[in-house]
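Here's a quick briefing to read with the structure open in your viewer. Have the sequence handy too, and click along as you go.

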Amino acid sequence: MISSFRALLIRDLKLAARVGGSGVMGLIFFLMIVTLIPFALGPDLNLLSRIGPAILWIAALLATLIGLDRLFQADQEDGSLDLLRLSHAPLEIVVLAKVLAYWLVTGLPLAIAAPFLGLLVALSPEGMLAIVATLLVGTPALTFIGAVGAALTASLRRGGLILAILVLPFMIPTLIFGVSAANAALGGTIPFATPFLILAALSLIAAVVGTIGAAAALRSGE
């Protein structure tokens, strides 16, 4: 089982590197949103620093959705998903490997790039560290939640919009506690640890529920 997981993870990472994939598109989309909003709001640095965590988190959430509809759809189209269903590896292991690979090429780069884009919204060094920490902990929740929608829409040729409609309401709690934790690190009224630990719990719950739910959705599509 471990060898199957490792093989699937390496396979998806190689495919993402070969194609160029959603990781680069997600970073470009992330950069576009964070760059455009300061132009719209004007040169008020106090305002930008106050809403900077929310801007970065909303941009990260939307960037995570870029390419998420192809998480299982590409394998569905070329027949690889049927072979994976017939393999000895449980579908939960297949889902876990594919979601982890997607997060490594999409969510992790967003967290790494966040401090540099934080300069555009006048974040302090403490705010940049908080954004990195919250994105590292919170983006897995976004990815696992999105995986369920990706599995449900795997057989649809243009399921990107339907996927967003399905999963966005379930991503709101992660967004709320991610922004709350980042704001708490900037001197909010609550300790940083409280929303941060809730955010970590959301990611753990999403990892379990998302893996089982996506596997069940893929089975129902057989």
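This is a predicted model: local features need pLDDT of at least 70, side-chain atom pairs count only at pLDDT 80 or more; totals for chains, interfaces and linings use all residues.

- Start with Arg-11 and Asp-12, whose side chains meet in a salt bridge at 2.8 Å, N to O.
- Asp-12 also forms a salt bridge with Lys-98, and here the closest N and O atoms are 2.9 Å apart. Asp-12 lies in helix H1 (residues 2–19) and Lys-98 in helix H6, so this pair ties together parts that are 86 residues apart in sequence.
- Are Asp-12 and Lys-98 buried or exposed? Both of them are buried.
- For Asp-12, the relative accessible area is 11%, so it falls under the 20% cut-off for buried.
- Arg-11 has 27% relative accessibility, so it counts as partly exposed.

**Arg-219 and Glu-92**

- Another salt bridge joins the side chains of Arg-219 and Glu-92, at 3.0 Å from N to O. This pair links distant parts of the chain, with Arg-219 in helix H10 and Glu-92 in helix H6, 127 residues apart.
- Arg-219 counts as partly exposed because its relative accessibility is 38%.
- Glu-92 comes out as partly exposed too, with 23% relative accessibility.

**Where H6 packs on H10**

- The crossing of H6 past H10 is right-handed.
- Which residues meet here? From H6 they are Leu-91, Glu-92, Val-95 and Leu-96, and from H10 they are Thr-211, Ala-214, Ala-215, Leu-218 and Arg-219.
- Glu-92 and Arg-219, listed among those contact residues, are also the two partners in the 3.0 Å salt bridge.

- Thr-143 sits in helix H8.
- What does Thr-143 touch, leaving out residues up to four places away in sequence? Its contacts are Thr-64, Val-99, Tyr-102 and Trp-103.
- Phe-144 lies in helix H8 as well, and at 10% relative accessibility Phe-144 counts as buried.
- Leaving out residues up to four places away in sequence, Phe-144 touches Leu-96, Val-99, Ala-206, Ala-207, Gly-210 and Thr-211.
- Phe-144 and Ala-206 are 62 residues apart in sequence, yet their C-alpha atoms are 5.8 Å apart in space.
- Val-99 turns up among the contacts of Thr-143 and among those of Phe-144.

- Ile-28 belongs to helix H2, which spans residues 21–41.
- Why does Ile-28 count as partly exposed? Its relative accessibility is 42%, so it falls between the 20% and 50% cut-offs.

- Ala-122 is in the loop between helix H7 (107–118) and helix H8 (125–152).
- Most residues other than glycine have a negative phi. Ala-122, though, has a positive phi, near 60°. At 29% relative accessibility, Ala-122 counts as partly exposed.
- Pro-115 is placed in helix H7. Beyond residues up to four places away in sequence, Pro-115 touches Met-128 and Val-132.
- Leu-45 lies in helix H3, residues 45–65, and is exposed, with a relative accessible area of 54%.
- Leu-45 and Ser-87 are 42 residues apart in sequence, and C-alpha to C-alpha they are 55 Å apart in space.

Conventions: Residues are numbered from 1 along each chain as its sequence is written. Side-chain values use heavy atoms; hydrogens and water are left out. Helices (H or I, at least four residues) and strands (E, at least two) are DSSP runs, numbered from the N terminus. Buried means under 20% relative accessible area, exposed over 50%, partly exposed in between (1.4 Å probe, protein chains only). A crossing is left-handed if the near helix is turned anticlockwise from the far one by less than a right angle, and right-handed if clockwise. Contact means heavy atoms within 4.5 Å. A salt bridge is a side-chain nitrogen of Lys or Arg within 4 Å of a carboxyl oxygen of Asp or Glu.
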